[in-house]
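Thanks for coming. Let me put the next model on the screen and walk you through it.

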Amino acid sequence: MASVPTEEYIPSARHHVSSIAAGDSHTLLVVDDHEAVIASVEELFRGRYPVLSARNVADALAIIRRGQIAVVMADQRMPGVSGSELLAHVAVLEPDVTRILMTAYADLDAVMQAINQGKIYYYVSKPWEPNELEAIIDKAVEYHHLLRERRC
């Protein structure tokens, strides 16, 4: 397993925040090294959820450490650290954050690793159907809120 950066620094991630307040616990974080994927998710959820984005694991971890993320959607194949490795780290840092793995590849070993180590909530194949992804994210946000309520 590749090491996940743990040092604190200011991320260079681009942030898109819809009309909902950025600190709201409905916030989605999309981690993908392809700008088109990030733009697609931002457009799909514009006005429904705040969407933050990171194009690498280091920026994603910096955003997660600031808190208030409900759902992390991470691409499996990224340079350096895989999505399943990132999600495993998120499971330790913020266990209530709902974790979703995205991939365009039929990599069952990666999916099994993400399920076992990252305790992912769902696996999404690229390309996805917009209505299906909306339903998945709605359920993921609801699941996040249930976890938070149970801890209180």
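Start at Asn56. This residue caps the N-terminal end of helix H2. One of its side-chain oxygens sits 3.2 Å from the backbone nitrogen of Ala58. A word on terms: helices (H or I, at least four residues) and strands (E, at least two) are DSSP runs, numbered from the N terminus. This is a predicted model, where local features need pLDDT of at least 70 and side-chain atom pairs count only at pLDDT 80 or more, while totals for chains, interfaces and linings use all residues. Residues are numbered from 1 along each chain as its sequence is written, and side-chain values use heavy atoms, with hydrogens and water left out.

Stay with H2. It spans residues 57-65, and eight of its nine residues are buried. Buried means under 20% relative accessible area, exposed means over 50%, and partly exposed is in between, with a 1.4 Å probe and protein chains only. Among the buried ones are Val57, Asp59, Leu61 and Ile64. After the helix comes Gly67, with a positive phi near 90°.

Now the whole chain. There are five helices and six strands. From the N terminus, the order is β-β-α-β-α-β-α-β-α-β-α. Of the 152 residues, 49% are buried. Take contacts, meaning heavy atoms within 4.5 Å. Among those between residues at least 6 apart in sequence, 70% join residues at least 24 apart.

Next, charge. Side chains of opposite charge can pair when their charged atoms come close. A salt bridge here is a side-chain nitrogen of Lys or Arg within 4 Å of a carboxyl oxygen of Asp or Glu. How many salt bridges does that rule give? The count is six.

One of them joins Arg55 and Glu35, at 3.6 Å from N to O. Arg55 is in the loop between strand S3 (51-54) and H2, and Glu35 is in helix H1 (residues 35-45), 20 residues apart. Both ends are partly exposed: Arg55 at 42% relative accessibility, Glu35 at 30%.

Look at Arg48. Its salt bridge with Glu134 has the closest N and O atoms 3.5 Å apart. Arg48 is partly exposed at 32% relative accessibility, and Asp138 is partly exposed at 28%. Elsewhere, salt bridges that share partners join Asp32, Asp75 and Lys126 into one network.

Then there is Arg99, in strand S5 (residues 98-103). What does the Arg99 side chain reach? The backbone oxygen of Lys119, at 3.1 Å.

Last, the surface. The chain exposes about 7500 Å², and carbon and sulfur atoms supply 54% of it. Accessible areas come from the Shrake-Rupley method with a 1.4 Å probe; for residues, only the protein chains shown count as cover. Tyr122, in strand S6 (residues 122-125), is partly exposed, with a relative accessible area of 36%.

Conventions
Polar contact = N/O pair within 3.5 Å; in protein donor to acceptor, adjacent residues only side chain to side chain.
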